Amino acid sequence: MPEDRLKQLRSGSSKDIGPFPVLTDSPSEIDIDKFNNGRKYFQNNVAICVVAMLCSLVSGFSVVNLLEPLVFTNKSNTPKKSLKRYLDTVRHVALWHYGDILDPLSLARKSIRKVHSMHKSVRNHMVEANTDGRHFTQYDMSLVQAGFVGFIILYPEELGLQGSKSDLEDFVYFWRWVGFFSGIDEDNNICIHGLDDAYRICKQVENEIVYPALFNPPKHFHSMAKAFTDGLCLLSFCRVYTPESVIGFSLDMANKKRRHDLSFFDTCRVLYLKLSVFLLKHCSWFRRLANRLVESLVLPKHFDF
């Protein structure tokens, strides 16, 4: 395989996401044991996996390909709207791991079909509005996929994820099929060649796209990131999150230079996040409690979509 996988992925910039696959049975080549163990890896680490995905999201606002559709839809530009939107997103993702996307009659399959439909609908509306460029291309979806799994793949030790390298490999395998049902073709599915290849791609995305973009973010970056973190704070008793503290925490995890010096309160917020990760990593009772609390939030009895 070519060493510069990012260059290969960029060739998908001229191709739209594919149609939702019509399947009545599971794909014949699927390894059910690996698939199910990949789901289990997320379930065993649900609290820190959600934190990792949310950190990726804040940094991902700096990538114009990902930001423009969010700005266009106007559904996450205030704290309340942002909280609803991204709680729904996490609930969809959780449903894929706790349900069975391979079962055509399952709620998980209905969920991933709905998300695929929403992506295509936003793309069509952006085309009708004559917005610049193409949107929800194969390349864009590669970046979306990297956003969901990248932090988990790159920093399992730093985040305190519980499980072996084989378990993480199975998590990547599971996301290969999430990509399949999301309309990502084989050339742009970052998880199709396993953990090592996915790691290389995510490291390139981090170093060549996200990290430089954080130092020169697009126009609506700060307002969207602030709406998101302010929305998260609606779930807590105080202002726990800011864009600066979440990005500062993420860059520290990645052992990268921060964009700028943090205020005293943002430094305290970063320390709070690091303490939470420390407890998740070293205290089994805290990890169980955090997992149950996150499950109660992202797996509601009634999730209408």
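I began with what counts as contact, namely heavy atoms within 4.5 Å. My helices, numbered from the N terminus, are DSSP runs of H or I with at least four residues.

**Entry 1: ground rules**

I noted that this is a predicted model, in which local features need pLDDT of at least 70 and side-chain atom pairs count only at pLDDT 80 or more, while totals for chains, interfaces and linings use all residues. I also noted that residues are numbered from 1 along each chain as its sequence is written, and that side-chain values use heavy atoms, with hydrogens and water left out.

**Entry 2: helix H3 against H7**

I looked up which residues of H3 meet H7, and I found Cys49, Ala52, Met53, Cys55 and Ser56 in H3 against Gly147, Phe148, Phe151 and Ile152 in H7. Sorted by type, the residues of this contact are 7 nonpolar, 2 polar and no charged, where Ala, Val, Leu, Ile, Met, Phe, Trp, Tyr, Cys and Pro count as nonpolar, Asp, Glu, Lys and Arg as charged, and the others, Gly among them, as polar. The axes of H3 and H7 are 8 Å apart and the packing angle is about 120°, the axes being lines fitted to C-alpha atoms over the stretch in contact, with angles from 0 to 180 degrees between N-to-C directions. H3 and H7 are therefore oblique to each other; under 35 degrees counts as roughly parallel, over 145 as roughly antiparallel, 65 to 115 as roughly perpendicular, and the rest as oblique. The crossing of H3 and H7 is right-handed, a word used when the near helix is turned clockwise from the far one by less than a right angle, with left-handed for anticlockwise.

**Entry 3: helix H3 against H12**

Next I took H3 (residues 46-60) with H12 (residues 243-253), whose axes lie 9 Å apart at an angle of about 110°. H3 and H12 are therefore roughly perpendicular to each other, and their crossing is left-handed. From H3 the contact uses Cys55, Val58 and Ser59, and from H12 it uses Pro243, Val246, Ile247, Phe249 and Ser250. I counted these residues by type as 6 nonpolar, 2 polar and no charged.

Most residues other than glycine have a negative phi. Is Phe136 buried or exposed? With 11% relative accessibility, Phe136 counts as buried, a term for under 20% relative accessible area, with exposed for over 50% and partly exposed in between, using a 1.4 Å probe and protein chains only. Asn255 also has a positive phi, near 55°, and belongs to the loop between H12 and helix H13 (264-282), but Asn255 counts as exposed at 71%.

**Entry 4: aromatic rings**

I found 16 aromatic pairs in the structure, where rings of Phe, Tyr and Trp (its six-membered ring) pair if their centres lie within 6.5 Å, and planes under 30 degrees apart count as stacked, over 60 as edge-to-face and the rest as tilted. Tyr173 and Trp177 have ring centres 6.4 Å apart and planes at 70°, so the pair is edge-to-face. Both residues lie in helix H9 (residues 165-181), 4 residues apart, about one turn of the helix. Tyr173 is buried at 11%, and Trp177 is buried at 2%. I also saw that Phe20, Tyr173, Trp177, Phe180 and Phe181 form one aromatic cluster.

Methods: Helix = DSSP H or I, 4+ residues; strand = E, 2+ residues; numbered from the N terminus.
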